[in-house]
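Student: I've just opened this one and I'm new to it. Could you walk me through it step by step?

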Amino acid sequence: METKTPEPPRDCPLCPRLVAYRAANASAHPDWFNGPAPSFGPSDARLLVAGLAPGRTGANRTGRPFTGDHAGVLLYATLKAQGFARGAYDPNGADDLELIDCMITNAVRCAPPGNKPEGSEEANCRPFLAARIAALPRLKVIVTLGDVSRRNVLKALGLRASAGVPGHGSEFAAGPYVVLNSYHCSRLNTNTGRLTPQMFEAVFGRARGLLDG
Ligand code: SF4
């Protein structure tokens, strides 16, 4: 796999469809971030949370993962409850929120139309995910949010997607790491009750237990 830096360049050209979407959003909303959303959190984190891709009005707008869309409200509240974050969360990122021993990234760094990246876009961005993981020297636990994230993390580690069990609450070893899989904290999943706050907190409670045990 081609070596990449952990963070793509601001003008990464690798996915033409997503580059065009960035440009369209930049034209309509020049005050938005409109670029590959950088990972957020300390570089000595032991926990990595891997999402799917930035939401158009979330990280694509604010430039911080899970900031500005519905999914971030539950994610940051849950991280705070388990001691992985502190400070206030503001949906525009105008806050003092800080991650503790935790980094958040996305399998695909640019916002895809309809929140659905294509397979080629996942493949294009995967070397950045692999480099992100490799650049965390203390990393022990990876929480994957949804099946696209789970598959991409496994492939980024050089494993087959079938090496990990799908479904909420599944747990498996992947190389030197423990992967905990969760349903994505999207509005669709939380509004339908597919994912409850209790189910989500249980995953991060398990991460806390693995790190502190
Ligand atoms: S999704 Fe990743 S690989 Fe594709 S253009 Fe954005 S940063 Fe580059």
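Tutor: Let us start with a term: buried means under 20% relative accessible area, exposed means over 50%, and partly exposed is in between, with a 1.4 Å probe and protein chains only. Cys12, for example, counts as buried at 9% relative accessibility. Please keep in mind that this is a predicted model, in which local features need pLDDT of at least 70 and side-chain atom pairs count only at pLDDT 80 or more, while totals for chains, interfaces and linings use all residues. Residues are numbered from 1 along each chain as its sequence is written, and side-chain values use heavy atoms, with hydrogens and water left out.

Student: OK, and which residues come nearest to the ligand?

Tutor: There are 13 residues around the ligand, and Pro8, Cys12, Cys15, Cys110 and Cys125 come nearest; here a residue is near if one of its heavy atoms lies within 4 Å of the molecule.

Student: How many of the shell residues are nonpolar, polar or charged?

Tutor: The shell divides into ten nonpolar residues, one polar and two charged. In this count Ala, Val, Leu, Ile, Met, Phe, Trp, Tyr, Cys and Pro are nonpolar, Asp, Glu, Lys and Arg are charged, and the others, Gly among them, are polar.

Student: Which helix gives the most to that shell?

Tutor: That is H4, with three residues. Helix H1 (16–28) and helix H4 (119–134) each supply at least two residues of the shell, where helices (H or I, at least four residues) and strands (E, at least two) are DSSP runs numbered from the N terminus.

Student: Changing topic, how many salt bridges does the structure hold?

Tutor: The structure holds 14 salt bridges, each being a side-chain nitrogen of Lys or Arg within 4 Å of a carboxyl oxygen of Asp or Glu. One of them joins the side chains of Glu121 and Arg17, at 2.8 Å from N to O. This pair links distant parts of the chain, with Glu121 in helix H4 and Arg17 in helix H1, 104 residues apart.

Student: Are those two buried or partly exposed?

Tutor: Glu121 is buried, with a relative accessible area of 3%, whereas Arg17 counts as partly exposed at 29%.

Student: What does Arg151 form a salt bridge with?

Tutor: Its partner is Glu122, and the closest N and O atoms are 3.7 Å apart. Arg151 lies in helix H5 (residues 147–156) and Glu122 in helix H4, so the pair ties together parts that are 29 residues apart in sequence. Glu122 counts as buried at 7% relative accessibility, while Arg151 is partly exposed at 25%.

Student: And where do Arg150 and Asp147 lie?

Tutor: Both lie in helix H5, three residues apart, which is about one turn of the helix, and their side chains meet in a salt bridge of 2.7 Å, N to O. There is also a network of salt bridges that links Arg46, Asp101, Arg138, Arg208 and Asp212.

Student: Back to the cysteines: how many disulfides does a search of the whole structure find?

Tutor: The search finds zero, a disulfide being a pair of cysteine sulfur atoms within 2.5 Å.
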